[in-house]
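Here are a few notes to read alongside the model. Have a look at the structure first, then go through the points in order.

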Amino acid sequence: MSSGACFPDSYTAEHDRGMGETFTDRLREAVRRAGRSKRAVALEIGVSAQAVGDWIKEGKISRDNLAALAALAKVTSDDITRGPMPPRDAMSSPTPVAAT
């Protein structure tokens, strides 16, 4: 049973029609931002390297795998599904430490 009507069990490139930057572009970028190879991302998430390639090629990924990929890439699932992806500088900026 699905956990909610507003969250499909998977997200597909079909949702991207007419949006410029595509879902598959954002999936590719998320894998790149994870700082790992497709194989390493696959091992980390618990899927095959072919599955990761298929996500990018076919633009279809399960909600659970999307959440895992987003966590590795340090972005939100919404960043990947809806875009745009946040600038890399915004992701990697260290949190300022207060002087003591």
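1. Leaving aside its neighbours within four places in sequence, which residues is L27 in contact with? Keep in mind that this is a predicted model. With those sequence neighbours set aside, L27 touches W55, I56, G59, I61, L66, L69 and I80.

2. L27 also turns up in the largest nonpolar core, which has 21 residues. L27, V41, W55, I61, L69 and I80 are the ones with the most contacts inside this core. The largest share is from α4, with five residues.

3. Now look at how α2 and α4 meet. They pack at an angle of about 120°, and their axes are 10 Å apart. At that angle the two helices count as oblique to each other, and α2 passes α4 in a right-handed crossing.

4. Who makes that contact? On the α2 side you'll find V41, E44 and I45, and on the α4 side N65, A68, L69 and L72. Sorted by type, the residues of this contact are five nonpolar, one polar and one charged.

5. Finally, pick out N65, which sits in helix α4. Is N65 buried or exposed? Its relative accessible area is 18%, and the cut-off for buried is under 20%, so N65 counts as buried. Apart from neighbours within four places in sequence, N65 is in contact with I45, V47 and W55.

Conventions
Residues numbered from 1 in each chain as written. Predicted model: local features only at pLDDT ≥ 70, side-chain atom pairs only at ≥ 80, totals over all residues. Heavy atoms only, no water. Core = buried A, V, L, I, M, F, W, Y, C linked by side-chain atoms within 4.5 Å. Buried < 20%, exposed > 50% of the residue type's maximum accessible area, 1.4 Å probe, protein only. Helix = DSSP H or I, 4+ residues; strand = E, 2+ residues; numbered from the N terminus. Contact = heavy atoms within 4.5 Å. Axes fitted to C-alpha atoms, helices over the stretch in contact; angles between N-to-C directions. Parallel < 35°, antiparallel > 145°, perpendicular 65-115°, else oblique. Left-handed = near helix turned anticlockwise from the far one by under 90°. Nonpolar A, V, L, I, M, F, W, Y, C, P; charged D, E, K, R; others polar.
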